[in-house]
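Hello,

Here is the structure I promised to pass on to you. Have a look at it first, and then read my notes below.

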Amino acid sequence: MSDTTSGPVLAADGRPLKASLNRALRRQKLRALMLIAPLLIFILVSFVMPIADMLFRSVENQIASEPLPRTTALLPDWDGQGTPDDMIYEALARDLAVAVEAKAHTRLGSRLNYEQTGISSLFRKTGRGVDEIGEIAQDVLEDTNDIWKERDTFGLLFGTPAWVEAINAWDVEDSQTRGAAPTFDANPNFAEQFPGTTSLYASYVLQTTSEDDNPLGEKPWPILFHVLAQELPSAAPPSGVPENLALALGEASAALNGLTLDDPKAVFLDIDDDWGDAAVWTTIQTYSPAYTNGYFLNSVDMQKGLDGPEWRPENEQIYIVLFVRTMIMSLSIMGMCVLLGYPIAWLLANLPDRKANMLMILVLLPFWTSLLVRTSAWKVLLQQQGVINDTLIWYHSTAVGKLLDPVFNTLLNAFYAFANAITWGWNLLNNVWGGVDATYFDWAAQGFERLTLINNQTGTIIAMTHILLPFMILPLYSVMKTIPPSYLRAAKSLGATNWTAFWRVYFPQSVPGIGAGCILVFILSIGYYITPELVGGTKGVFISNRIAYHISSSLNWGLAAALGTILLAVVMGLYWMYDKIVGIDNVKLGG
Amino acid sequence: MSSLPPYATTGQRIWHYSFRIICGLIFFFLIAPIIVIIPLSFNAQNFFTFTPEMLALNPEGFSTKHYEDFFTNSDWQLALKNSLKIAPVATILSVSLGTLAAIGLSQSHVPFRRAIMAILISPMIVPLIISATGMYFFYSNPYIPTPFGKIELPFTLTGTYWGVVLAHAALGIPFVIITVTATLVGFDQSLTRAAANMGANPVTTFFKVQMPLILPGVVSGGLFAFITSFDEVVVVLFVGSAGQKTLPWQMFTGLREQISPTILAVATILIAVSILLLFTLEVLRRRSERLRGMSPS
């Protein structure tokens, strides 16, 4: 030992022990990460990216900027007074020409129609008339030189020779097996002198190739002539153009001198007066930026107004009500689960193991049974002509039922009075609850008619309590198992009554279980879709049903994404709480 | 609790028995809806309630015609076939990746363990409707995000078999991770060291020593993953198309549009499957506990 006191401790291979241990630790970490990596990548691709995509979509706003790139680039500068200047109408004419060919204008119209009614028909009407812009220029050019009647003239002028060759080669390939068309390559001489025509021709190429056609073999749009005619007189003659084309350009330039072209603003106003309406333009302007908070405003019943966010009209406010109703119903379900789950968990935790295991099967069987099976069971049971109602009717017809009915009648009427008091409270939230189902409380008064148990909140709460009850019982049970029964005995031997012993000694120790179960049930119920959809009718549905509606029926995906983002934020907050209370590592399945 | 002491007062006696009655009623609430389905599925009529003949136990009130319908109707058979095609593949995918990752996660030094765990568990926590929404958007137009913009991939996953399998595998993974890591807690690491000491390479060690011991956990994780996929309806509604219609999907549309008693027959069959599953899991749990009791930890 005496010779190593000065230097560092060495490992067997002569390296310092510290470095050697560090290296071993690093290798161990790396090996662990290598084992985790495939799954992590899999989850990132198949799950995390979709969620991120949804979050992105809730603020993304390509609804106007994608079909109307030129217009939306200019619109932010408009001051919102009167009508926009001619430049913007000109840009809109070009954008719409492309959009109409791609049939994107009707989609844009119906989307903007959510914000202002009437825009949908305005766009559809305009789509039918917009192609007349450019006909004057086309006629003039075609009169000067027959070359303008050739379909490939624009391509020969504005594309590079290499691109023309590539596109022709692509065209002769088999349309079933060929790949994507070669991307348009603008002739640099022209791009500089004719920026507008080049950009529009690029859009034209994109559109025709997306229809599997050769841009050189299709009839060019009139608007192309219109834009060319605008840019031609002021442009310097470009170099490197074949002689016949240069000649044609020169002739056209001379013929266009002093000619009045189509005025897009006049054409638009002629198609529909609404194009002179500042409100229409404000709507387009509001949705021009690439990102928007519009969907989020929409999902809390607000909208973009002229002076920032404002409330929607009273009769269009549905989402806050829906969120609050989702919360209240989830809380009711959670409360029912605690009420029904606590005694069961207590019984299971305090029975001898053999008996407890037998009874546990009764909890686990529903837990393992398909969700659809349980929901269909409730649908069958709760129907107007279902088993529960049949049983009740049969019961009232028996001698016992006839004898006891007055008693129940009195009891139910007392309950009814009590319920009325609650109803008064509910009525404060009347909109939220969608009105209390009077029949539910009026049962006795109605002379024992069949109950309406389905297609309302009652149905949703009953079915979902049944479905989520195991999720309450299992965590409660696992916490109660850890409470030594001797504590209760000690409390009682010290003179506590049964109730005091339970309330002061046992209950506080079971609170973590209640907390865990409550959060679990609440997280699960707040995002439920299937059961409310099937037994909830119109009043008993949750926010998730609205999300599904926006995805599959109204196709307002941005709003669906925004509603989903809010729901996700709530669930993540609760998840974080659950992690703090229980720890995600301690999640147990099936007891 | 189990028995009443002889010195109990009358009040305690009343409470004792009424508590038992209350618990009995709650158990009844839990189990009755599932049990009621079974006799109703043998109804000879197209009703969802007990007919007088059934209540009189008249054999004419019962028939197996709804089962015959299930086994002959092409819609139901296609749905069954799809379910059996999707769930096993999704299960294999999530079990193989999940077990590997669980072994990695249970090593002693894993950087960012909590964060990784949170990501891997998240498919279980995020509401299905949100997962379905995200998957519907992303799978219909998958892309690779780069700092310079999206690179769009030239295929779509919505409406394809693999899209549904991928989505279901992602949903099943948390269950595999949870059960397998729980089993690995009781796994004695010195066994792998002993194997290595005797000259086994890591792969041999894994298959000969570790795998047999953690197999119960892996199988029960797999069962969870299987039932998750087999039962799942929200995601498949969004990601799948008519060609991927599964059994729960067919039940869902049946319940929503034209409610036919065949659903009850299917439900009964599924209840039998879940009883079988419950039994298997219980056997596995017992075996796992026995093995854990054997290991000298």
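**What I found**

Helix α11 of chain B (residues 247-256) is largely enclosed by the rest of the structure, because nine of its 10 residues are buried. Buried here means under 20% relative accessible area, while exposed means over 50% and partly exposed is in between (1.4 Å probe, protein chains only). The buried residues of α11(B) include B:Trp249, B:Met251 and B:Phe252. Helices (H or I, at least four residues) and strands (E, at least two) are DSSP runs, numbered from the N terminus.

Before you go further, please keep in mind that this is a predicted model, in which local features need pLDDT of at least 70 and side-chain atom pairs count only at pLDDT 80 or more, whereas totals for chains, interfaces and linings use all residues. Residues are numbered from 1 along each chain as its sequence is written, chains are lettered from A and ligands numbered from 1 in the order in which they are written, and side-chain values use heavy atoms, with hydrogens and water left out.

Now to the place where the two chains meet. Chain A and chain B each bring 92 residues to the contact, which is defined by heavy atoms within 4.5 Å. Together they bury about 8,300 Å², with 81% of it on carbon and sulfur atoms. B:Phe27, B:Leu30 and B:Phe137 supply 9% of the area that chain B buries against chain A, more than any other three residues. Buried area is the accessible area (1.4 Å probe) that two parts lose on being put together, summed over both.

How many salt bridges cross the interface of chain B and chain A? The rule finds one, and B:Arg256 forms a salt bridge with A:Glu533, their closest N and O atoms being 2.9 Å apart. The rule asks for a side-chain nitrogen of Lys or Arg within 4 Å of a carboxyl oxygen of Asp or Glu. On the side of chain B that touches chain A, helix α1 (residues 10-40) of chain B gives the largest share, 14 residues.

A:Asp301 has a positive phi of about 65° although it is not a glycine; A:Asp301 sits in the loop between α16 (294-299) and β1 (302-305) and is buried, with a relative accessible area of 1%. A:Leu555, also not a glycine, has a positive phi of about 60°. A:Leu555 lies in the loop between α28 (543-552) and α29 (557-581), and counts as exposed at 53% relative accessibility.

Best wishes
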